[in-house]
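Student: Could we take a close look at just one part of this model together? I'd like to go through it slowly.

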Amino acid sequence: MSDLRAPLAVVAGATSKQGRSVVDSLLASGDFRVRALTRDPHSAQARQLSARGAEVVAVPLARGHRRQLTDAFRSAQAAFLMTPPVAPPSDDEYVLGCELADAAVEAGVEHVVFSTLENVDERTAGRHYAPHFTDKARVAEHIRTLPVTHTFVMLSFFYTNALEYYPPHMEGDTTVLPFYLPEHVRAPFVDPTTATGPAVLEVLSRPDSYRGVSLPIVGEFLSPGEMIEIYSRVTGQHAEYRDATSREGLVACFPEMDVNPLLVDETIGMAHYAVEYGYFAPGRDVQWSRAIDPTARSWEQFLRATDWRGGRMSFARS
Ligand SMILES: NC(=O)c1ccc[n+]([C@@H]2O[C@H](COP(=O)([O-])OP(=O)(O)OC[C@H]3O[C@@H](n4cnc5c(N)ncnc54)[C@H](OP(=O)(O)O)[C@@H]3O)[C@@H](O)[C@H]2O)c1
């Protein structure tokens with residue numbers, strides 16, 4: 001049972017991969033009470049959060065719920081804000097992100113931590129299309145104008161993408177892993193289900209040290225080729241890289257993506273951006289998250305912990 005005198009932190013998207021990690025870390029610290037926001041307080045995930053000691057409150061992580069959100073943020077000292085996956089051409093992400101932040105400020109929250117990404121539009125002068133990066137950066141710009149202490153975390157590519165969104169397929173005895181990144185280009189990856197919480201706990205525990213900063217959360221930098229070599233070693237399977245770095249390559253591997261050509265463009269745009277410009281802008285402290293959380297999972301540790309053998313795995317609420 002958490003100490004009723006402990007400061008209250010609201011976690012938006014509490015059943016998400018990021019959100020669950022934040023709830024876990026804040027509750028485990030014993031330093032915070034947690035109010036967990038979800039569409040459905042009766043879902044298995046929400047009941048698990050409740051059993052762990054979170055106060056579960058029904059608010060959708062969707063635009064147009066400003067009043068409900070403001071009520072949900074009342075009496076909280078801190079808030080972790082995130083946006084769910086939003087497919088283009090929707091501009092919901094920007095609107096929702098701003099609504100979350102505005103509601104938190106209206107309710108009197110002192111410190112907000114928003115999960116953002118780089119502004120790809122600005123960094124590439126419009127050359128690459130990745131609205132789910134740019135819209136988060138635009139929300140961050142909005143938050144910078146608000147009268148609230150704010151900190152931004154920036155998650156790397158999720159290890160979970162290969163399990164959840166871009167799973168392998170079998171060709172004979174070979175496990176084929178399609179990647180939207182070139183085989184030998186390294187990029188930052190992370191396990192959002194365990195790495196988000198320690199970073200947010202650190203930030204909320206020392207707000208003065210983290211005012212206004214943007215902090216990458218990184219498990220490790222590695223290339224698809226290295227990931228596949230590790231996958232083979234851990235699973236004992238013969239595994240191969242498949243190039244999904246072009247529109248045609250991506251849709252050939254994931255034909256279901258063809259129903260939304262803009263989503264294909266966005267995936268390719270994001271990947272080309274990361275290769276040409278670097279996932280994180282120059283000057284970001286990519287060592288910080290490991291320094292405050294030395295146990296952050298490597299890809300190999302993630303594979304061993306999940307016991308993944310190549311099938312599609314959902315990390316959504318069960
Ligand atoms: N994949 C990557 O490599 C990567 C890297 C960096 C950042 N990101 C960003 O991370 C964010 C997603 O985080 P995540 O993967 O941790 O989230 P997630 O696991 O997909 O969970 C999203 C949560 O949002 C709620 N939700 C989902 N769809 C909804 C809808 N239509 N209406 C209302 N609520 C909805 C659900 O909560 P309830 O059902 O409980 O309400 C769900 O638990 C995205 O903004 C993405 O751009 C992703």
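Which residues are buried in α9?

Tutor: Happy to dig in! First, this is a predicted model: local features need pLDDT of at least 70, side-chain atom pairs count only at pLDDT 80 or more, and totals for chains, interfaces and linings use all residues. Residues are numbered from 1 along each chain as its sequence is written.

Now your helix. Helices (H or I, at least four residues) and strands (E, at least two) are DSSP runs, numbered from the N terminus. In α9, the buried residues are Pro224, Met227, Ile228 and Tyr231. Buried is the label when 20 or more other C-beta atoms, placed from the backbone, lie within 10 Å of a residue's own; 12 or fewer makes it exposed, and in between it's partly exposed. These four cover an arc of only 95 degrees around the axis, so they sit on the same side of α9. That arc is taken from the directions from the helix axis to the C-beta atoms.

What do they pack against? The buried residues of α9 pack against β9 (174-179), β12 (220-222), β13 (238-243) and α13 (299-306); a contact here is two C-beta atoms, placed from the backbone, within 7 Å.

As for its length, α9 (residues 224-235) has 12 residues and reaches 16 Å from its first C-alpha to its last, close to the 16 Å expected. The expected span is 1.5 Å times one less than the number of residues.
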